[in-house]
Amino acid sequence: MTAQAFLDSVKDRHQDVERLLAAQAWLREQADAQQDTPTGRACRDAMLARAADMEPAVRRAYREQELQTKRVQRVIARLPDKDERSVLILRHITMMPPWKAAEAMHYSERHLYRIYRRALMHLEALLNGWE
């Protein structure tokens, strides 16, 4: 796995949670929109039951997101340079856009990209055991 893919795994887990929550919300909205007829009530009950059945998957996705975030944070913490650690945390853990991360670190975007590329190179070495 590349350093970029490793970092992106946090975003991937976050998106998994968001997709499940959106599906649950959609089912609940559709259930609320059902007419108060026997068929409508049956549809509403089925949709609400399906939304409730998704709860274990949502909890599992949250746990996976949390675990992956902690894994990534532990590896980032092993980087020796504070700026490299900061840029990776801002970009991949807090999911801050590059321009905002640059602003937060008081650097230009161009300089932030330089730090980011260097951080990826060092992270790649850590992941491959080349310390």
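Tutor: Contact here means heavy atoms within 4.5 Å. The model is predicted: local features need pLDDT of at least 70, side-chain atom pairs count only at pLDDT 80 or more, and totals for chains, interfaces and linings use all residues. Residues are numbered from 1 along each chain as its sequence is written, and side-chain values use heavy atoms, with hydrogens and water left out.

Student: Which residues in H1 and H4 meet?

Tutor: First, the naming. Helices (H or I, at least four residues) and strands (E, at least two) are DSSP runs, numbered from the N terminus. From H1 come Gln-4, Leu-7, Asp-8 and Val-10. From H4 come Leu-88, His-92 and Ile-93. By class, this contact has 4 nonpolar, 2 polar and 1 charged residues. Ala, Val, Leu, Ile, Met, Phe, Trp, Tyr, Cys and Pro count as nonpolar; Asp, Glu, Lys and Arg as charged; the others, Gly among them, as polar.

Student: At what angle do H1 and H4 pack?

Tutor: Two packed helices are described by the angle between their axes and the distance between the axes. Axes are lines fitted to C-alpha atoms, for helices over the stretch in contact, and angles run from 0 to 180 degrees between N-to-C directions. H1 and H4 pack at about 45 degrees, with axes 9 Å apart. The pair is therefore oblique. Angles under 35 degrees count as roughly parallel, over 145 as roughly antiparallel, 65 to 115 as roughly perpendicular, and the rest as oblique.

Student: How many residues does the largest nonpolar core have?

Tutor: In soluble globular proteins, nonpolar side chains tend to be buried together. A nonpolar core is a set of buried Ala, Val, Leu, Ile, Met, Phe, Trp, Tyr and Cys residues joined through side-chain atoms within 4.5 Å. Buried means under 20% relative accessible area, exposed over 50%, partly exposed in between (1.4 Å probe, protein chains only). The largest core here has 22 residues. Those with the most contacts inside it include Leu-7, Leu-88 and Tyr-116. Helices H1 (3–32), H3 (55–77), H4 (82–93), H5 (98–105) and H6 (109–127) each give two or more residues to this core. The largest share, 7 residues, comes from H6. A second, separate core of 5 residues includes Leu-27, Met-47, Ala-51 and Met-54.

Student: What is Leu-88 in contact with?

Tutor: Leave aside neighbours within four places in sequence. Leu-88 then touches Leu-7, Ile-76, Leu-79, Ile-93, Tyr-116, Ala-119 and Leu-123.

Student: Is Thr-69 buried or exposed?

Tutor: Thr-69 lies in helix H3. Its relative accessibility is 16%, so Thr-69 counts as buried. Beyond its neighbours within four places in sequence, Thr-69 is in contact with Val-10 and Ile-93.

Student: How many salt bridges does the structure hold?

Tutor: A salt bridge is a side-chain nitrogen of Lys or Arg within 4 Å of a carboxyl oxygen of Asp or Glu. The structure holds 6. Arg-13 pairs with Asp-16 (3.2 Å, N to O). Asp-16 also pairs with Arg-19, the closest N and O atoms being 2.6 Å apart. Together, Arg-13, Asp-16 and Arg-19 form a network of salt bridges.

Student: Why are Arg-13 and Asp-16 separated by about one helical turn?

Tutor: Because they are 3 residues apart in helix H1. Asp-16 and Arg-19 are likewise 3 residues apart in H1. Arg-13 is partly exposed at 24%, and Asp-16 is partly exposed at 23%. Arg-19, at 51%, counts as exposed.

Student: What does Arg-41 form a salt bridge with?

Tutor: With Asp-36, the closest N and O atoms being 2.8 Å apart. Arg-41 is partly exposed at 33%, while Asp-36 is exposed at 60%.
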